[in-house]
Each structure stands twice: as structure tokens, then as C-alpha cells.
Amino acid sequence: MNSAPLLLLQQSLPPISPTENLIIKLKTPLPVHNSKTGARTPTSSSSSSLCYIRACAGKTTRRVGRGRRSNLDDYHATLTALNSKGRFPRKSLGQYYMLDSEINEQLTAAANVGEGDVVLEIGPGTGSLTNVLISAGAFVLAIEKDPHMATLVSERFAEAERFKVLKEDFVKCHIHSHISSLLGSIKQSGANSRYAKVVANIPFNISTDVVKQLLPMGDIFSDVVLLLQEETALRLVESFLQTSEYRPINILVNFYSDPEFIIKVDAAVVKFKLKQPAHYPPVSSTKSFFSMHICMPMEIENALGNVGRPSTSRPEELSLDDFVKLHNLIVKV
Ligand SMILES: C[S@@+](CC[C@H](N)C(=O)[O-])C[C@H]1O[C@@H](n2cnc3c(N)ncnc32)[C@H](O)[C@@H]1O
């Protein structure tokens, strides 16, 4: 570890109690903070990267990537928030906290969040992304599973009128009814938000659940912008036909949305532009489309021939359009 940047970091941080066992790991030097002028001078090359605190074997690790200019104010706010509760990030909850406000701003910009937008944030943690969303003028509904973090974030934004946090597990909560009633109440108050947006730095262990639950909700959400692990993002957005990575989840993603990579750093920001139900591919029933159907081989071979595909086609060789045609031929609902 490079001791010089560690010294700088210690000088510029709020005091950390030794009992908190905070480990600060630096991969590259932090920007130098001049305590007299307040100026920050980047000390290394400025290639893009993430900067966050994450759970690491029960301890707290600050990860600094390849030299992105970090926002020290946000860094202070995050550490102060954690210090105030004597909390360590928990690996089981996928807890790592974003320190780099620039990434939070890019997430917010990717969803074009503006005045009066309704935004769902999953896992606000210490509230660094929440802060950027509220500053952009959004009504933020946050769902936080960890009751300690939910209390922390509700205290942090106690003064904000446009913020509400629910202490719930996203996977189990009734997100559709929460958002529908919020959209309804905002409409009554005169604002004009027909669709909500999702902007979140989600715990990686629930990313598939989040995608499967949210993408079919094009009736209430217009955009879903997520910070995902790069491999998950690649699997969801860039799996191509004819490859072994092409899976049923790709059919679901493309059925319900137009996915797009926004930034690719240590992790990746992905935007799913949700299709409205009227624009879903023409299947008689989405429930039936995503269910398994048992057919005789002959029936499948005939259907493949009818949609212009070889009878020996493997699933990964069939496009969403092929599956839609096959479904409509085979299943009469
Ligand atoms: C990756 S951290 C992100 C924190 C914050 N958004 C940030 O960018 O710094 C994930 C957050 O999601 C919370 N979380 C984990 N599992 C959850 C679940 N099933 N439902 C809701 N929140 C969850 C964690 O407690 C944690 O605060």
C-alpha cells in the first residue's frame, strides 16, 4: 500500500474510531486536498473508474479505481453517516457505498431525471445517490432492506419533502401498488408524472430478481437505470444469438425493453427503456409466452419449418421474433 496517499486521506477525513476497524485500501493515489485553499489536484491519470466502500470479509474497504476525481464532500458524508451508526457494510446485503458523486450524477442523467419525476431507488444505503436524485428535483421512493440503513437515510433526508423510505425487502414488496399509489397522489397534487423511473446502485445478488420484476412494468415505469456488475450487464445486454450466453433472460429483457449500455467502468450502468404494453411483441398471452410448453418433436419441427427456421435449430439460434412466431403457432390461448 502506498503510505503517502493514505496520510492525505487520514488528514482529510473525519476522525474514525479505532474500534470501527476501518480498513482503507488505496489502489491509486487520491486527489490531493489542500486544506488552505480547498482545491483538489488529481494525482494520477484520469481514466474512468468507480470509487466506493464495500463489504470485505466483514470489514470496510474503500476501493478507489483508476484515478477518477473523487468528490470529497460525498466521501465525507458517506463516512460520517456510517460512523454515526458504527456500521460496517454487510456482504450478505451486497452493501458497498458509492463515494463518487460523478457516477451518481451519470446514473441520474442516464434516466434524464428532472423536476417532478417519480424515482424508485432500491437500496439507498447512506443516501449518496438519493441526494443527487432529490437535488435533481425528483420525488424519491426508496426501498431499503437493512433497517439500520433505512433509519440512517430517513434521518439524513428528514427535511426533504420529496423523499420516503420503506423498510422492506425489494424482492418481496408490492412495488407495483406502491408506485401506482405514489403516481396517483402526485397527479392529484398537480404534478404531471405519468410514469416513474428506477435509478439504483443495486446489491449484485438481487440483480436478476430486480430485472425480472421491473421490466414487465412498462405500465408504470418508463426507464430502469441500474449500476450492475460488468459480467451481469454483458449477460443481460450483449448476449448474442448463436452464443452459449444467449439465455431465456435475454428473451425477457428484449421482450419488455430496449436495453442499452451507458458507461462501462469497473461495473456498468445499463438503461432499460421499457416498452409500453401496447408495444410488446404480439403474443396472445405473456404468461403463456414465458411458460414452458410440452410438445411432440414433430410439432416443433413443423413449427420451425413454418417460421422459416431449420428443424434442427437450437434455442440459442432463435431470435425473440422466432420465439414469438413459434409460440403463436403452437399455443392457442
Ligand atoms: C450496493 S449498496 C448501494 C448503496 C447506495 N445506493 C450507494 O450507491 O452507495 C446496496 C444497498 O441495498 C440494500 N439492500 C440489499 N438487499 C436489499 C433488498 N433485497 N431490498 C432492498 N434493499 C436491499 C443494502 O442494505 C444496501 O444499502
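**Exercise 1. Work out how helix 3 passes helix 4, and which residues make the contact.**

Helix 3 and helix 4 cross in a right-handed way; keep in mind throughout that this is a predicted model.

Step 1: get the geometry. The two helices pack at an angle of about 50°, and their axes are 9 Å apart. That angle makes helix 3 oblique to helix 4.

Step 2: list who meets whom. Helix 3 brings Ser101, Asn104, Glu105, Leu107 and Thr108, while helix 4 answers with Ser128, Leu129, Val132 and Leu133. Sorted by class, that contact has 4 nonpolar, 4 polar and 1 charged residues.

Step 3: recall a bit of helix geometry. An α-helix has 3.6 residues a turn, so residues three or four places apart point the same way.

**Exercise 2. Decide how covered helix 4 is, and check what happens just after it.**

Step 1: name them. The buried set is Ser128, Leu129, Thr130, Asn131, Val132, Leu133 and Ile134.

Step 2: look past the end. Just after the helix sits glycine 137, with a positive phi of about 100°.

**Exercise 3. Describe the shell around the ligand.**

Step 1: find the nearest residues. There are 24 residues around the ligand, and Met98, Gly123, Gly125, Phe170 and Asn201 come nearest.

Step 2: trace them to elements. Strand 6 (96-98) and helix 4 are the elements that give two or more residues to the shell. Strand 6 gives the most, with 3 residues.

Step 3: sort by class. The tally for the shell is 13 nonpolar, 7 polar and 4 charged residues.

**Exercise 4. Classify the crossing of helix 11 and helix 12.**

Step 1: read off the angle. The axes of helix 11 (residues 297-306) and helix 12 (residues 320-330) come within 10 Å and cross at roughly 125°.

Step 2: classify. The two helices are therefore oblique to each other, and their crossing is right-handed.

Step 3: look at the contact. Glu299, Ala303 and Asn306 in helix 11 meet Leu326, Leu329 and Ile330 in helix 12. By class, this contact divides into 4 nonpolar, 1 polar and 1 charged.

**Exercise 5. Show where valine 269 sits and what it touches.**

Step 1: locate it. Valine 269 belongs to strand 13 (residues 267-274).

Step 2: judge its burial. With 23 C-beta neighbours inside 10 Å, valine 269 counts as buried.

Step 3: list the partners. Setting aside neighbours within four places in sequence, valine 269 is in contact with Gln106, Leu107, Ala110, Val225, Leu227, Ile262 and Ile263. Glutamate 230 is 39 residues away along the chain, and its C-alpha atom is 8.5 Å from that of valine 269.

Step 4: zoom out. The protein has 12 helices and 13 strands, and buried residues make up 34% of its 333 residues.

Methods
Residues numbered from 1 in each chain as written. Predicted model: local features only at pLDDT ≥ 70, side-chain atom pairs only at ≥ 80, totals over all residues. Buried ≥ 20, exposed ≤ 12 C-beta atoms within 10 Å, placed from the backbone. Helix = DSSP H or I, 4+ residues; strand = E, 2+ residues; numbered from the N terminus. Near = placed C-beta within 6 Å. Nonpolar A, V, L, I, M, F, W, Y, C, P; charged D, E, K, R; others polar. Axes fitted to C-alpha atoms, helices over the stretch in contact; angles between N-to-C directions. Parallel < 35°, antiparallel > 145°, perpendicular 65-115°, else oblique. Left-handed = near helix turned anticlockwise from the far one by under 90°. Contact = placed C-beta atoms within 7 Å.
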